[in-house]
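Q: I have a model open and would like to go through it step by step. Could we begin with the overall make-up and then turn to the details?

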Amino acid sequence: MTTADAKRVDTILKGREGASGELIEALQDIQDAFKYLPEEALRSVSEKMAVPLIEVFRVANYYKAFTLQPRGRHLLTVCMGTACHVRGAPRFLDEVLGQLDIKPGETTEDGDFTVETVNCLGACALGPVVVLDGKYHDHMTAGKLRALIQGTLSKKAKKTGDR
Amino acid sequence: MRTIACMEDLEKLAEQKRKENRGYSRTVTLCAGTGCCASGCLSVIKALREELERLKLKEKIKIRATGCHGFCEQGPLMVIEPGNIFYCRIKPEDIPEIVAETLQKDRLIERLMYTDPSSGRKIACEAEIPFYKAQDRTVLGQNKLVDPCAVGDYIANGGYSALVKVLTSMKPEEVIDEIKRSGLRGRGGGGFPAGRQWEYCRQAEGEPKYVICNADEGDPGAYMDRSVLEGNPHVVIEGMLIGAFAIGAKHGFIYVRNEYPLAVEHSKIAVEQAGKLGLLGTNILGTDFSFDIKIARGGGAFVCGESTALMASLEGMVGEPRPKDIHTTDKGFKDLPTNLNNVETWANVPFIINKGSSWFASKGTSGSKGTKIFALTGQIRNTGLVEISMGTTLREIIYDIGGGSATGKKIKAVQTGGPSGGCLPEELFDLPVDFEALAEAGSMVGSGGMVVMDEDTCMVDVARYFLEFLLDESCGKCVPCRIGLSRMLEIIKDITEGRGTEEKLELLKDTAETVSVASLCALGKTAPNPVLSTIKYFRSEYEAHIKKKQCPAGVCRELIHYSIDRDKCTGCGVCLTACPHEAITGEKGKVHRIEDDKCRKCGICGEACKFGAIKLS
């Protein structure tokens, strides 16, 4: 972690010294800032909030909102809720495997994509739904998902080409 | 903004806001709930703003971006008042015409009106649309009247008057009596009488006391609480304030799913606004009642919807439930008396106080009073949120409001209550929606998910889906849930993959009953419901998997086979490109074929083929 990163962690933990009840909130903020929970940040959390490191790791491991591995530049979330399931969402994982060669929870080798599943996004009327970098895409089909992934990849190719 | 100290202040502010609203000749309400946002409402709102600006109509026409109207299927939605004109599936390109024709010349645009699919008739008025007509939208109906980020809107519509009434004219015991008389039961799944729960908490020893709003809506296929909290956060806050006064609580929490960013944001804004008006904080309305609310974001664990697990999570620990022989109303958050209700329960409280317990109790059945919001989803034409009087039958909800099947295929089941509920067959669609009636049939009202399934859904696969979900979400603290669910899943997997036997089916039922009796919390206790209800009502599907090694719905991958119909295939190559597993070969213009060893039976080829040449057997 750079000094700037350490400072960001310090800012997040400010006012939370010794407040063990705020542990999850603090981890949420760190996750938001870094897109994952860096080990050094967890060590600072443990020290400043007076929570044993093992407990910090336990909480970080327990909740789905947290990840201990850095995520890719693009985050694709596939909703696996019941409404999406009965409308064919499991197919999207085949499409992802075919296009990116990764399973849910994994990140592509080049760090471009992380694919995650979620149990329900509460947007059931639009199902099946996927979210790419925070943007909801409704009534998905495998074909639309392929175009979405390819579109994101080609944008990147274009950018690299411009350089 | 000045703080509100008494009823007159509130009235004055409400009148001032109403006067402001009367200054506009027209109000255009646009749904900006999560559903409509995903269908592009934000660009529609932007286009409307720019057009009104361009035509210098900003002072005459008010734009109100609100929470969810419920009819998500038709989004983006617009309602123009006065006139109750309803336009759906609006695109930014439609805006100039809407402004020029409807807003300026009072002419309707037929193309944007809703078409009733059964009659083909165009309907102009929102209230006339069958989807809305058959509902009783007490709580949800407020969403379209208020901008969730503008407390003034809420107050102009009578908001916080129930709080003022309670603080100025009622004793805490009277409030509790009123809630008890109304018959309000918890809307989160448990269905426990809210008034009695409040009373236990009031009588419990220990200070300070807490109230919690459970907005950790984890049931897949349900989003009622999301829409209420996103669309009308102040009604939830007002309900909590009234509850806190009745119970004698000083602090409150809204525990909201982090997957609901808009709900987090809107409730934070609302808490801040209520604080500025003096409706949260110390000495509210000049009385000695003080109460504050903190927003806590959930960590994404389904089990945290369980009250003791939620409270552990609020304390910064892992969300594991504990035995409930000591109730949370005695020892909850930090071992102090705590009252937890979900979003919808709190949202009903101000209405009961304002309109009276007998008004509330006049709706519903003998044991289940009032209205309940359901998320109607799955293979149904009108997906969206519906609010109905308790006692309405499943058939009325699915056919009259929901408009029946989306695909024209026969609807065979409805799943209610999420992973804790069960699947009810078409024969039981005349059951009234009532806590007891659904529980007797092996399902539950639950938090309000209602997923409709047609012939293309395999009921064994649905049972497997829920088991996988529950096993993944089980915290692992107690053995029956942790081990029992994984043994159950093994058996179900064997069945869906063609290795099932009839003896194992009996073992599955036995195990399910053990898990149900011996688990620590409601997650485990209700986990067998999806399995038991599908065995009870759809046994023939289990038998087809076990005896004939067939999946009648064509879903279970190990039991199905894809091939290409030689007569229909044109050799266009679309399936070849679409297959993510490179399992299709063939030359352009010639019949293609599927290589069985590579085919993973995802069915994407079938979705892509325009000639119906992909055969499923």
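Q: How many helices and strands are there in chain A?
A: Chain A holds 7 helices and 4 strands. Please keep in mind that this is a predicted model.

Q: And in what order do the elements of chain A run from the N terminus?
A: The order is α-α-α-α-β-α-α-β-β-β-α.

Q: What does the C-alpha trace of chain A span along its principal axes?
A: The span is about 50 × 45 × 20 Å.

Q: Which domains does the assignment give for chain A?
A: The assignment gives domain 1, residues 3-62, and domain 2, residues 74-162. Taken over C-alpha atoms, the centres of these two domains of chain A are separated by 29 Å.

Q: Let us turn to the helices. At what angle do H3(A) and H4(A) pack?
A: Helix H3 of chain A, residues 39-49, packs against H4(A) at an angle of about 125 degrees, and the axes are 9 Å apart. That angle makes H3(A) oblique to H4(A). The crossing of H3(A) past H4(A) is right-handed.

Q: Which residues make that contact?
A: From H3(A) the contact uses Leu42(A), Arg43(A), Val45(A) and Ser46(A), and from H4(A) it uses Leu53(A), Val56(A), Phe57(A) and Ala60(A). By class, the contact of H3(A) with H4(A) has 6 nonpolar residues, 1 polar and 1 charged.

Q: How do H2(A) and H3(A) cross?
A: The axes of H2(A) and H3(A) come within 11 Å and cross at roughly 150 degrees. The two helices H2(A) and H3(A) are therefore roughly antiparallel to each other. Here too a handedness is assigned: H2(A) passes H3(A) in a right-handed crossing.

Q: Which residues meet there?
A: Leu23(A), Ala26(A), Ile30(A) and Phe34(A) of H2(A) meet Ala41(A), Val45(A) and Met49(A) of H3(A). The contact of H2(A) with H3(A) divides into 7 nonpolar residues, with no polar and no charged ones. In what order do the strands lie?
A: The order is E2-E1-E3-E4 in chain A, in an open sheet of 4 strands with mixed pairing. Strand E2 (113-118) and strand E4 (135-137) of chain A stand at the edges with a single partner strand each, so one side of each has no neighbour in the sheet. On average, neighbouring strands of this sheet are turned by 25 degrees against each other, direction ignored.

Q: In which sense do E1(A) and E3(A) pair?
A: Strand E1 (residues 74-79) and strand E3 (residues 130-132) of chain A pair in the antiparallel sense over 3 bridges. Within this pair, Leu76(A) stands opposite Leu132(A) in E3(A). H6(A) packs on the sheet and touches E1, E2 and E3 of chain A, and its direction makes about 170 degrees with that of E2(A).

Q: What holds paired strands together in general?
A: Strands of a sheet pair through backbone hydrogen bonds, either parallel or antiparallel.

Q: What is the strand order of the sheet in chain B?
A: Chain B has an open sheet of 4 strands in the order E2-E1-E3-E4, with mixed pairing. Strand E2 (61-66) and strand E4 (85-87) of chain B are at the edges, each with a single partner strand, so one side of each is left without a neighbour in the sheet.

Q: How many bridges join E1(B) to E3(B)?
A: There are 4 bridges between strand E1 (residues 26-31) and strand E3 (residues 78-81) of chain B, and the two run antiparallel. Val28(B) has Ile80(B) as its bridge partner in E3(B), and Thr29(B) stands opposite Val79(B).

Q: And which residue of E4(B) is the bridge partner of Ile80(B)?
A: The partner is Ile85(B). E3(B) and E4(B) run antiparallel and are joined by 3 bridges. Their hairpin has 3 residues between the strands, and Gly83(B) takes a positive phi near 125 degrees there.

Q: Finally, how many residues of the two chains are in contact?
A: 40 residues of chain A are in contact with 47 residues of chain B. On the chain A side, the elements that give two or more residues are H2 (23-34), H4 (53-62), H5 (82-86), H6 (90-100) and H7 (142-162). H6(A) gives the largest share of that side, 6 residues. The residues of chain A that touch chain B divide into 19 nonpolar, 13 polar and 8 charged.

Key. Residues numbered from 1 in each chain as written. Chains lettered and ligands numbered in written order. Predicted model: local features only at pLDDT ≥ 70, side-chain atom pairs only at ≥ 80, totals over all residues. Contact = placed C-beta atoms within 7 Å. Nonpolar A, V, L, I, M, F, W, Y, C, P; charged D, E, K, R; others polar. Domains from an automatic or database assignment. Pairing = 2+ DSSP bridges. Axes fitted to C-alpha atoms, helices over the stretch in contact; angles between N-to-C directions. Parallel < 35°, antiparallel > 145°, perpendicular 65-115°, else oblique. Left-handed = near helix turned anticlockwise from the far one by under 90°.
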